[in-house]
Amino acid sequence: MAAARALSPDLRRVAETLEMIAPRWSVWMLMTLASEPKGLRYTEIQSRLPWLIASQITPRLRALCETGLLERTEVTHRHVTYGLTDRGRALLPTLHALAEYGDQHLDKELVETTIIKEGKPQVMQLPERVPAAQNAEDALALISYRHATPLLWALKERGPSSIVSLRKTLLTGYSPSAVYPPVHRLIDDRLVSVRQPVWPTGAEDEGMELRLTDAAHALAPVYRAASVWASGRPHKDAASHPLWGAPRLPAAARTGQWAAHQARQSTRPALPVAQPPVPAPAKTWRPADLFSSPTTGPCR
């Protein structure tokens, strides 16, 4: 990219990591295979992701193998399995952070849900249950498109800035108009807020002030996890990230999520799936959490 010279090595690696797993269904593949340490055969993958056809599964498996996240093992000519490499398994904390962000901060449709309250069934309007992999893919769609992460990173580092100053810093090799589509999308997704000047500036957008919203600051766990993975360091080092290492903000209230854009509307049919036990309070993602746990109360 023409602006790569303006990016720090850390930011460049994080942006490349997100771009690597951004193609649709990549996260679904990784999280599905994470549930089986010994790997899965092609037919087993197809049975677990029945809404995908061969022309969607095969290219994703091949691409993920080429990136080193999956490995193909030929047991016999007719028996081939796919599984996570050590590098792919080390990426799971990043996928977990994306899934948790999507669950907490992406808008969900309200659906009628039966819950048990004081021993009696009640029907309430609650946010729909979304599989962890879909939450992760939808969250990834917010930050993996061109220039999105560099712009968020710059605003985190510099604080409130004008569009012009961001363009001059990050997109020096691009047309002046290249900054507007990603900035407008970040504003639409409520990751960036804008304040118009109350005084004349003499130049279009010169005084327009952009700043990160709380929803953008809440991306810190995602960027921390991606940073240590991309640099080959253990996940325990993530908390000490120099830019995104501040304590995370509390999740948005369910009545008013912050980030709204979900670019990838799933075409999955509603399928019955085996539900895992109610998870313990710990936030560590487990392979069994690929699908949502059953609703046991008024909060998800």
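Modeller: Happy to! In this predicted model, the buried residues of α12 are Ala220, Pro221, Val222, Tyr223, Arg224, Ala225, Ala226, Ser227, Val228, Trp229 and Ala230. Buried here means under 20% relative accessible area, and Arg224 is on the list along with Tyr223 and Trp229.

What provides the cover? Several other helices take part, including α1 (9-21), α5 (86-90) and α6 (92-105). Also among them are α7 (132-143), α8 (148-158) and α11 (214-217). Just after α12 comes Gly232, which takes a positive phi of about 75 degrees.

Helix α2 (residues 26-34) and α7 have axes that come within 9 Å and cross at roughly 145 degrees, and the crossing is right-handed. On the α2 side, the residues in contact are Ser26, Val27, Trp28 and Met31; they meet Ala132, Ala133, Gln134, Ala136, Glu137 and Leu140 of α7. By type, this contact divides into 7 nonpolar residues, 2 polar and 1 charged.

Now for the whole protein. It has 12 helices and 8 strands, and buried residues make up 46% of its 300 residues. Of the contacts with a separation of 6 or more, 66% join residues 24 or more positions apart. The accessible surface comes to about 15,100 Å², with 54% of that belonging to carbon and sulfur atoms.

Terms used. Residues are numbered from 1 along each chain as its sequence is written. This is a predicted model: local features need pLDDT of at least 70, side-chain atom pairs count only at pLDDT 80 or more; totals for chains, interfaces and linings use all residues. Side-chain values use heavy atoms; hydrogens and water are left out. Helices (H or I, at least four residues) and strands (E, at least two) are DSSP runs, numbered from the N terminus. Buried means under 20% relative accessible area, exposed over 50%, partly exposed in between (1.4 Å probe, protein chains only). Contact means heavy atoms within 4.5 Å. Accessible areas come from the Shrake-Rupley method with a 1.4 Å probe; for residues, only the protein chains shown count as cover. Axes are lines fitted to C-alpha atoms, for helices over the stretch in contact, and angles run from 0 to 180 degrees between N-to-C directions. A crossing is left-handed if the near helix is turned anticlockwise from the far one by less than a right angle, and right-handed if clockwise. Ala, Val, Leu, Ile, Met, Phe, Trp, Tyr, Cys and Pro count as nonpolar, Asp, Glu, Lys and Arg as charged, and the others, Gly among them, as polar.
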